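Thanks for coming, everyone. Have a look at the screen.

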Amino acid sequence: MQEVKAPAALSLPQRIKAILIGSSGNLVEWYDFYVYAAFSLYFAKAFFPEGNQTAQLLNTAAIFAVGFLMRPIGAWFFGRMADRHGRRVALTTSVLLMCCGSALIAVTPVYATIGVAAPIILLIARMIQGLSLGGEYGTSATYLSEMATSERRGFYSSFQYVTLIGGQLTAMLVLIVLQKFVLTTAELEAWGWRIPFAIGACLAVIAFVMRRDLVETEQFKRAKQHEGSIAALLRHPREVAIVVGLTLGGTLAFYTYTTYMQKFLVNTSGFSKDTATLISASALFIYMLLQPAVGALSDVVGRRPVLIAFGVLGSLCTVPILTTLQTVSDPLQAFLLVMTGLAIVSCYTAINAVVKAELFPTSVRALGVGLPYAITVAAFGGTAEWVALWLKQMGNEHYFYWYVTGCIAVSLCVYATMRDTRTDSAIDKPGRA
């Protein structure tokens, strides 16, 4: 088999169009998933009416974590589909499934109407969304990496997190608009929280239509084998272990500074819901803009030095940032602290997807990127909010800061010993397709 450096059959405009369409679908999927976290401050007591605010948030965080526990199953199912039947088929199917989950949440009656059935239905909807998102990450990372040229792969692949963050940011912007211009707090808590889920379901339908016309990657079409099985994946134990270690600290730090941060600013720092949303949204916007810059940097200096920078800075700065943040009262100071944390995390998020894609051959790439990642995220990223709230309720919130630091330090050991995939990529190696 000849070396495959880029999908030569496509022109540059065609390739960019494919990356943009693939990325836009990713944005919709992550919007649908994150809108739950953004609006949980308003609908928590609708599904869990008993207990104080921390207890209610703890219950919604537990269901948020369950969505992550479904992601390994989704990663296996859709990764297998992508490696056997094509990236396009998996991407279109996953976004349609996300539509179903969002629509279900939008129409679910509250606890006061149907009792315990309400949180059960909410749980089922989150399980559906978790399945969808589990397939989205690995397949999307694989598609973008295979569509990019080898010289700009870090830059192009960083758009997965641009759209991932964009989805979360869009969810927060919808919240800001509803808070400031459309509904009162009472209306948001009564019924307004349904609006963003309905919007997400409609956007998912649009993304499905767009993805139906995606072109398949040349790497997949040229591959001699289309395995996509657990047995095939287990032939790459070192790469699987690297994905787990690579993800461990990064995913925990990411969810700490993104999905949990809004609640931290309200529940610990003492900011109002509106102010906390503005701080988080502003920081996320700049964070989103950093992703292509860091991705492009990795195309020049390599993936490994950038990951090591995250590991070192994350290990040294996490405890000071979070400890200081819990005592600040000035929104600008809070913004600067959150932004510092997110800038450090950028050295992981901008390139982690492309690094994973560059580890595996084409025949098992989507499954290899998605499954070990999803398992690690379920164990650490998806439970970050729950662990933080539980430790706070127990009166030991600062333990969480050290927990995040320890996980980043473990990942740093992996970064320091792994190969640099920019110069040693399975995507570019002959015979690895």
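Start with Cys 407. Its closest cysteine sulfur is in Cys 413, and the gap is 12 Å, too far for a bond. This is a predicted model, so keep that in mind throughout. Is Cys 407 buried or exposed? Its relative accessible area is 7%, so Cys 407 is buried.

Now Cys 347. Which cysteine has the sulfur closest to that of Cys 347? It is Cys 317, with 11 Å between the two sulfurs, so again too far for a bond. Cys 347 has a relative accessible area of 15%. The limit for buried is under 20%, so Cys 347 counts as buried.

How many disulfides does the count come to? The count is 0. The cut-off there is sulfur atoms within 2.5 Å.

**Helix 13 against helix 19**

Next, packing. Two packed helices are described by the angle between their axes and the distance between the axes. Helix 13 covers residues 237-257, and helix 19 covers residues 365-381. Their axes lie 8 Å apart, at an angle of about 40°. Helix 13 and helix 19 are therefore oblique to each other. The crossing is right-handed.

Who makes the contact? From helix 13, the residues include Val 240, Val 243, Val 244, Leu 248 and Tyr 255. Helix 19 answers with residues including Gly 368, Pro 372, Tyr 373 and Phe 380. By class, this contact of helix 13 with helix 19 has 11 nonpolar residues, 5 polar and no charged ones.

**Helix 3 against helix 4**

Now the other pair. Helix 3 is residues 71-85, and helix 4 is residues 87-107. Their axes come within 7 Å and cross at roughly 150°. Angles over 145 degrees count as roughly antiparallel, so helix 3 is roughly antiparallel to helix 4.

On the helix 3 side, you have Phe 78, Met 81, Ala 82, Asp 83 and His 85. On the helix 4 side, look for Arg 87, Val 89, Ala 90, Thr 93, Ser 94 and Leu 97.

Last stop: Leu 359. Where does Leu 359 lie? Find it in the loop between helix 18 (352-357) and helix 19. Leu 359 has a relative accessible area of 0%, so it is buried. Now look across to Ile 242. Leu 359 and Ile 242 are 117 residues apart in sequence. In space, their C-alpha atoms are 8.9 Å apart.

Key:
Residues numbered from 1 in each chain as written. Predicted model: local features only at pLDDT ≥ 70, side-chain atom pairs only at ≥ 80, totals over all residues. Heavy atoms only, no water. Axes fitted to C-alpha atoms, helices over the stretch in contact; angles between N-to-C directions. Helix = DSSP H or I, 4+ residues; strand = E, 2+ residues; numbered from the N terminus. Parallel < 35°, antiparallel > 145°, perpendicular 65-115°, else oblique. Left-handed = near helix turned anticlockwise from the far one by under 90°. Contact = heavy atoms within 4.5 Å. Nonpolar A, V, L, I, M, F, W, Y, C, P; charged D, E, K, R; others polar. Buried < 20%, exposed > 50% of the residue type's maximum accessible area, 1.4 Å probe, protein only.
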